[in-house]
Structures are given as C-alpha cells and as structure tokens.
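Trainee: I've got a structure open and I'd like to learn how to read it. Could we go through it together?

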Amino acid sequence: MMIPLSMVMSKLPKLQVLSASDHSSVVSLNLFVALLCACIVIGHLLEENRWVNESITALLIGVSTGVVILLISGGKSSHLLVFSEDLFFIYLLPPIIFNAGFQVKKKQFFVNFITIVMFGAIGTLVSFSIIAFGATQIFKKLDIGSLDIGDYLAIGAIFAATDSVCTLQVLNQDETPLLYSLVFGEGVVNDATSVVLFNAIQSFDLTHIDPRIALQFMGNFLYLFFSSTMLGVITGLLSAFIIKKLYFARHSTDREVALMMLMAYLSYILAELFYLSGILTVFFCGIVMSHYTWHNVTESSRVTTKHAFATLSFVCEIFIFLYVGMDALDIEKWRFVSDSPGTSVAVSSILLGLVMLGRAAFVFPLSFLSNLSKKSEREKISLQQQVIIWWAGLMRGAVSIALAYNQFTRSGHTQLRANAIMITSTISVVLVSTVVFGLMTKPLIRFLLPQKQTTSTTSIVSDPPSPKSVIVPLLGQDSEAELSGHEVRRPASIRDLLTTPTHTVHRYWRKFDNAFMRPVFGGRGFVPFVPGSPTERHNTQFQ
C-alpha cells in the first residue's frame with residue numbers, strides 16, 4: 001500500500017516542531033545535570049569552609065544560573081525547569097525522608113522521642129498559631145489584596161515548616177548526639193505536622209468556625225498522624241517478613257535490594273493513596289526496615305542498600321536547592337509586585353519576624369519543661385543548645401515553597417496580586433533564611449559549642465550507667481554490643497517505674513522484640529539459615 005507523498009510532506013512540520021521541543025528538553029536536562037555535578041564538585045572544594053555548605057552552594061548556583069538565563073532570554077524566563085509540587089512531593093522528598101529514618105541512630109531518637117514530639121508536633125502547632133494570628137492582624141492593614149481565613153491559616157502552616165539541613169550538615173552525631181537527635185527528629189516530625197496541618201486546613205470549610213469544627217480538625221490531625229505512622233510500620237514489617245521467608249539472595253541479591261527500594265517507595269505512595277502523611281509513613285518505614293529487613297539480607301546487599309539510599313538522598317537534596325534557586329527569579333510572579341516592591345519587602349520582613357517569634361515561643365519553654373523531667377545534667381538541654389535548636393528552625397526550604405505553590409497558584413501560575421505577593425514573599429523568606437542564617441550557622445555553633453566541648457560531649461549509651469539513669473536503646477542496631485557487660489537495673493517498685501518510665505518501656509520493648517518480633521520478622525540474631533550464603537558465613541565466624 002503506497003502512502004501519498006503529499007501526506008508525508010504535510011506531517012513533516014509537526015515532526016520538526018516535536019523534535020525541536022524534545023531537543024529543548026534534552027538541552028535543559030543536560031544543563032541541569034551539569035549544574036548538579038558542579039554543585040557536588042564546588043561543595044567538596046568548600047568542605048572545610050567556615051561559612052558555606054553544599055546546600056547554600058546549590059542555592060547560590062541556582063540563583064546565579066537563573067540570572068544568566070534571565071539575561072539571555074531577554075527577561076522572559078529564568079529557569080530550565082518549572083517548579084512542580086508534584087515532582088517535589090512524589091519523587092524528590094521520599095528518598096530524603098526514607099534515608100533519614102534508615103540511617104538515624106535509633107537509640108538516641110527514641111530515648112529523646114518525647115522531647116522530639118514536643119518540639120515537632122506541639123511546637124509546630126504553637127508556631128503555626130502565632131504566625132497565622134500575626135499574619136491575620138498585620139496583613140489586613142497592608143494593601144496586598146484579598147486573603148480569606150483559609151489563606152491566613154495556610155500561611156501559618158507554610159511558614160511553620162522548617163528546613164534544618166544546613167544545621168545538620170554542621171553538627172556531628174557522635175560529638176553532639178543529644179543536640180543532633182533533637183534537631184534531626186524535630187525536623188522530620190515538623191515537616192510531617194506542617195503538611196498534615198496544611199491538608200487538614202484545605203479539607204475543612206473554614207467560613208463558619210465553631211467548637212465542633214475545631215474538634216473535628218484536631219481529631220483529623222491525630223488520625224492522620226497515627227495512621228501514617230502505623231502504615232509505615234506495617235509496610236516495613238511486611239518487607240522484612242517477605243525477605244526473611246523467601247530469602248531472595250539464594251538466587252540473586254539484586255532482587256532483595258530492588259524489593260527493599262520498591263517497598264520503601266510503596267509505603268509513601270500508599271500513604272498518598274489513602275490521603276495520609278507520606279512523610280511520616282516513609283520515615284517510620286525506614287526505621288523499621290533498618291531494624292528488621294536490613295538484617296535479613298546478605299552482606300553485599302547491606303552495603304549496597306546503605307550507600308544507595310544515602311546517595312539518592314544526597315542527590316535529591318542538592319537537586320531541590322538548585323531547583324529552588326533557579327525558580328526564585330520567575331519573572332511572571334515578580335511582575336505583579338514590581339509596582340510596589342516596598343509591600344513585598346514589608347510582607348517578607350513581617351513573616352521572618354513572625355517565624356523568629358513563633359520559634360522562640362516554644363523552643364525555650366518546652367526545653368524548660370523537658371529539663372524538669374531529666375535527672376542527669378548531661379541529659380538536659382543547655383541554654384547554648386536551646387539557642388542552636390531555635391536557630392536551626394529559622395531556615396525555610398522547599399516544603400514551604402511547595403505548600404505556597406499549592407495554596408496560591410494553579411498549575412504554577414497566578415493572576416491575583418495577593419497570591420503573587422505571597423509566592424514572592426515565600427521565595428524571599430526561603431532565600432534570606434537559607435543563605436543568611438545558613439552562612440552564620442557554622443560560626444554560631446563553633447562559638448556556642450567550642451571544639452573542646454563538642455568532642456567531650458558523649459553519647460548517652462557510652463556513659464557508665466548510674467543507679468538513677470539506665471538507658472536501654474529501643475531500636476538500636478548495636479544494642480547488644482553496647483550493653484554487653486552492663487547490667488540493666490530493673491525497677492524494684494512502682495516508684496521506680498514512675499520515675500523512670502522511658503527506661504522501663506525500653507526494657508519491656510526489648511523483651512517483647514526478642515521474644516515475638518525478631519523470630520517472625522528477622523533482625524539481628526534471627527537471620528534464616530541458608531548454607532553458603534554470605535550472611536551465614538559471616539555469622540558462623542562469631543559462633
């Protein structure tokens with residue numbers, strides 16, 4: 001069957017247009033990947049720099065690239081890729097949060113779990129309330145356009161979301177275990193709480209607020225919080241059970257590595273499917289998989305998964321900061337505020353002030369309450385550490401931008417002046433807080449915690465147990481080795497149980513874990529016997 005030549009010729013222009021469009025996308029991706037490589041190289045060269053870290057480097061490179069593109073395009077465009085909240089929440093955020101749970105030192109995290117939840121959940125609610133109330137009272141006096149009660153509450157949730165990456169890059173888990181676990185744990189719980197708050201705000205009719213709506217709001221919040229956590233735990237246990245029973249390494253280690261990665265991502269997607277918090281789900285999935293699943297695979301798979309998850313998280317973090325930097329100069333949104341730059345600066349300054357006030361309103365009071373329950377001085381949060389925790393939470397990042405885009409744009413575009421002002425103000429707060437506060441993080445920590453103090457700050461587990469303070473790690477990978485030779489004092493009375501509830505819970509958890517959980521789901525000491533497997537050969541060396 002012959003095709004007329006005229007028909008072929010009529011299709012050529014469309015094919016050429018499609019080819020040009022594809023080629024443009026390929027050029028953009030090439031440039032973006034090259035910029036990612038540049039961020040990694042420059043970040044390595046500045047490793048010992050007192051001021052700059054890789055996050056700030058990526059952000060500054062992104063802004064500089066945006067300026068160059070803006071000049072080349074004659075003011076029409078400033079980015080290679082348009083910021084997409086779907087790309088951020090579905091593809092970039094899950095590897096970062098999962099690796100955080102997978103690599104966390106669980107003994108420190110769970111020993112300080114109550115304090116972390118106080119900072120991450122209660123503290124976020126306090127910060128949310130102060131920012132939302134302050135924005136409602138002040139922005140109404142400014143000429144920024146019409147915002148309803150839902151917008152003001154969304155502003156509270158948007159700017160309650162912290163980004164403590166810059167601080168965590170400076171702190172060391174081994175030198176300052178208490179401070180690191182608090183900053184790290186609060187950051188994860190804070191992001192989850194902020195997103196849950198934001199979603200709860202969008203799901204309620206806020207035109208008529210009454211006590212019943214407030215109770216429903218809190219009930220929905222608690223439901224999302226606990227349901228998301230349980231989904232992550234169940235998915236992690238399911239992966240451990242499947243790998244323990246089937247033991248894929250008998251035929252291929254690639255399969256067990258692939259299954260771990262896919263099950264980790266499945267936990268996040270399931271949470272999104274059931275309208276839960278994917279952040280909490282994938283974080284606790286990472287904790288459970290590191291405690292059970294990771295011990296059920298071969299030695300080579302352990303090394304592979306540990307480095308694969310860390311590498312994915314690292315690349316996604318750099319990607320996000322570069323992404324945010326390039327999108328910061330989006331000319332479409334800045335055009336709306338070009339006639340009143342003073343208003344935009346005022347809004348950004350007010351938001352920064354509210355962020356600092358909201359942060360201080362809970363860090364110092366909650367630290368005081370936490371210290372009241374601590375018996376040992378080394379377990380208490382010192383004033384210097386409280387200042388660092390307060391400072392670490394002043395920086396805002398991609399979560400705030402993604403939530404702002406969700407609230408104030410439609411498919412990344414906006415035609416309302418008030419919405420454009422909120423987007424540009426969010427970008428300004430993220431840039432100023434990350435660059436200015438981030439640049440001052442290293443000097444501040446070195447000033448408040450000199451090297452001689454940080455090196456002498458020992459982990460809780462390494463300290464000799466005292467009669468009144470015996471810490472048993474809840475999910476520590478090295479718990480058996482670290483506790484060998486130390487006799488754990490059991491509570492002899494109701495008074496002991498009440499005065500050391502955390503220690504008692506840890507002791508009973510370990511008994512339950514060893515008696516019921518590990519025989520079913522695997523973990524250290526319960527790896528299935530497979531003759532000739534690398535794991536079995538490794539275990540028999542120590543028997």
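What follows is a chat that goes from the whole chain down to single residues.

Mentor: Before we start, this is a predicted model: local features need pLDDT of at least 70, side-chain atom pairs count only at pLDDT 80 or more, and totals for chains, interfaces and linings use all residues. Residues are numbered from 1 along each chain as its sequence is written, and side-chain values use heavy atoms, with hydrogens and water left out.

Trainee: How many helices and strands are there in the chain?

Mentor: Helices (H or I, at least four residues) and strands (E, at least two) are DSSP runs, numbered from the N terminus. By that rule, the chain has zero strands, and its helices number 23.

Trainee: What share of the residues count as buried?

Mentor: Buried means under 20% relative accessible area, exposed means over 50%, and partly exposed is in between (1.4 Å probe, protein chains only). Out of 543 residues in the chain, the buried share is 52%.

Trainee: Among contacts between residues at least 6 apart in sequence, what share join residues at least 24 apart?

Mentor: A contact means heavy atoms within 4.5 Å. Among the contacts between residues at least 6 apart, the share joining residues at least 24 apart is 82%.

Trainee: Let's look at a helix pair. Are helix 15 and helix 18 roughly parallel or roughly antiparallel?

Mentor: Axes are lines fitted to C-alpha atoms, for helices over the stretch in contact, and angles run from 0 to 180 degrees between N-to-C directions. The axes of helix 15 (residues 383-392) and helix 18 (residues 441-448) come within 10 Å, crossing at roughly 170 degrees. Angles under 35 degrees count as roughly parallel, over 145 as roughly antiparallel, 65 to 115 as roughly perpendicular and the rest as oblique. The two helices are therefore roughly antiparallel.

Trainee: And how many of the residues in that contact are nonpolar?

Mentor: Helix 15 brings Q384, V387, I388 and W391, while helix 18 brings T441, L444, I445 and L448. Ala, Val, Leu, Ile, Met, Phe, Trp, Tyr, Cys and Pro count as nonpolar, Asp, Glu, Lys and Arg as charged, and the others, Gly among them, as polar. No charged residue takes part, two are polar, and the nonpolar ones number six.

Trainee: Now for charges. Which residue meets R359 in a salt bridge?

Mentor: Side chains of opposite charge can pair when their charged atoms come close. A salt bridge is a side-chain nitrogen of Lys or Arg within 4 Å of a carboxyl oxygen of Asp or Glu, and the structure holds four of them. At 2.5 Å, N to O, the partner of R359 is E186.

Trainee: How many residues apart in sequence are the parts that this pair ties together?

Mentor: R359 is buried at 3% relative accessible area, and E186 is buried too, at 2%. R359 sits in helix 14 (residues 341-372) and E186 in helix 8 (residues 177-203), so the distance in sequence between the parts they tie together is 173 residues.

Trainee: R302 and E299 also meet in a salt bridge. Which helix holds both?

Mentor: Their N to O distance is 3.2 Å. R302 is buried at 11% relative accessibility, whereas E299 is partly exposed at 24%. They are three residues apart, about one turn, and both lie in helix 12 (residues 299-327).

Trainee: On to loops. Is N112 buried or exposed?

Mentor: N112 lies in the loop between helix 4 (106-111) and helix 5 (113-139). Not counting residues up to four places away in sequence, N112 touches L178, S181, L182 and K374. Its relative accessibility is 3%, so N112 counts as buried.

Trainee: How far apart are the C-alpha atoms of W51 and L439?

Mentor: W51 lies in the loop between helix 1 (5-45) and helix 2 (54-72) and is partly exposed at 42% relative accessibility. Among the residues that W51 touches are G438, L439 and M440. W51 and L439 are 388 residues apart along the chain, yet their C-alpha atoms are separated by 4.9 Å.

Trainee: Last one: what value is phi of Y275 near?

Mentor: Most residues other than glycine have a negative phi. Y275 lies in the loop between helix 10 (253-273) and helix 11 (278-291), and Y275 is exposed, with 72% relative accessible area. Its phi is positive, in a residue other than glycine, and near 60 degrees.
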